[in-house]
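The sequence and the structure come first.

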Amino acid sequence: MRLTKFTDLALRAVMRLAVADDEEPVTTRAVAEEMAVPHAHMAKVVTRLQHLGVVEARRGRGGGLALTDFGRRSSVGWLTRTLEGEEEVVGCEADPPCPLRAACRLRGALREAQDAFYRTLDPLTVADLVRSPTGPVLLSLTPRPRHDPRS
């Protein structure tokens with residue numbers, strides 16, 4: 001199973017915010033630069049995380065992003081499931097629908113694999129993800145130049 005880029009960015013953003021120093025606010029732009037992604041993409045991710053109650057954004061001088069207590073305690077399985085949606089790994093009902101869908105065993109096997117994937121992530125919290133050695137690496141991140149696919 002492969003996560004969407006959106007979910008990948010969201011997980012990296014919450015990990016970065018989980019190690020942030022309360023004294024020095026982290027901005028959406030700073031997280032985007034550290035992760036070498038466009039600011040617009042990270043802004044969409046942060047907006048979604050705000051709506052979920054995982055991230056809080058403060059405006060103005062001294063403002064920035066902060067992981068909420070709920071966000072810190074959130075299950076990585078719940079967060080991933082919520083961001084990915086409930087779609088199946090394969091599009092059996094797509095247009096056109098798969099002609100094997102009525103008698104196919106693959107769909108059920110893939111659903112079981114997907115459920116196992118999420119069950120593995122369910123006991124992990126965002127706080128768990130940033131324990132050593134990950135936390136110190138996140139703190140050492142500096143803005144990186146983005147790769148421009150046009151060059």
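## Overall fold

Read from the N terminus, the elements of the chain follow the order α-α-α-β-β-α-α-α-α-α. That gives 8 helices and 2 strands. The model is a predicted one.

The chain has 151 residues, and 32% of them count as buried. Of the contacts between residues at least 6 apart in sequence, 66% join residues that are at least 24 apart.

## Nonpolar core

The largest nonpolar core comprises 29 residues. Within this core, V14, M42, L49, V54, V55, L67 and L79 have the most contacts. At least two residues of the core come from each of α1 (5–18), α2 (28–35), α3 (39–51), β2 (64–67) and α5. Helix α1 supplies the largest share, 8 residues. In soluble globular proteins, nonpolar side chains tend to be buried together.

M42 is one of the core residues with the most contacts. Leaving aside residues up to four places away in sequence, M42 touches L9, A13, T28, V31, A32, M35 and V37.

## Packing of α1 against α3

How are α1 and α3 oriented to each other? Their axes are 10 Å apart and the packing angle is about 75°. An angle of 65 to 115 degrees counts as roughly perpendicular, and α1 and α3 are therefore roughly perpendicular to each other.

From α1, the residues in the contact are F6, L9, A10, A13 and V14. From α3, they are H41, M42, K44, V45, R48 and L49. By class, the contact of α1 with α3 divides into 8 nonpolar, 1 polar and 2 charged residues.

## Packing of α5 against α6

Helix α5 (residues 76–84) packs on helix α6 (residues 106–121) at an angle of about 135°, with the axes 6 Å apart. Since angles over 145 degrees would count as roughly antiparallel, this angle makes α5 oblique to α6.

On the α5 side the contact involves V76, G77, T80, R81 and E84. These residues meet F117, Y118, R119 and L121 in α6. The residues in the contact of α5 with α6 are 4 nonpolar, 2 polar and 3 charged.

T7 lies in helix α1 and is buried, at 0% relative accessibility. Apart from residues up to four places away in sequence, T7 touches T80, L83 and E84.

L11 is also placed in helix α1. At 12% relative accessibility, L11 counts as buried, because the cut-off for burial is under 20%. Residues up to four places away in sequence aside, L11 touches L3, V76, L79 and T80. The C-alpha atoms of L11 and V126 are 8.3 Å apart in space, while the two residues are 115 apart in sequence.

## Two loop residues

S74 belongs to the loop between α4 (69–73) and α5. Is S74 buried or exposed? With a relative accessible area of 3%, S74 is buried. When residues up to four places away in sequence are not counted, S74 touches V54, L124, T125 and V126.

A36 is found in the loop between α2 and α3. A36 is not a glycine, yet has a positive phi of about 55°. The relative accessible area of A36 is 24%, which makes this residue partly exposed.

## Cysteines

How many disulfides does the structure hold? The number is 0. A disulfide is a covalent bond between the sulfur atoms of two cysteines.

For C98, the closest cysteine sulfur is that of C92, at 5.9 Å. A disulfide requires sulfur atoms within 2.5 Å, so the distance from C98 to C92 is too far for a bond. C98 counts as partly exposed, at 27% relative accessibility.

C104 is likewise in no disulfide, and its nearest cysteine sulfur, again that of C92, is 6.1 Å away. C104 has a relative accessible area of 32% and is partly exposed.

Key. Residues numbered from 1 in each chain as written. Predicted model: local features only at pLDDT ≥ 70, side-chain atom pairs only at ≥ 80, totals over all residues. Heavy atoms only, no water. Axes fitted to C-alpha atoms, helices over the stretch in contact; angles between N-to-C directions. Helix = DSSP H or I, 4+ residues; strand = E, 2+ residues; numbered from the N terminus. Parallel < 35°, antiparallel > 145°, perpendicular 65-115°, else oblique. Contact = heavy atoms within 4.5 Å. Nonpolar A, V, L, I, M, F, W, Y, C, P; charged D, E, K, R; others polar. Buried < 20%, exposed > 50% of the residue type's maximum accessible area, 1.4 Å probe, protein only. Core = buried A, V, L, I, M, F, W, Y, C linked by side-chain atoms within 4.5 Å.
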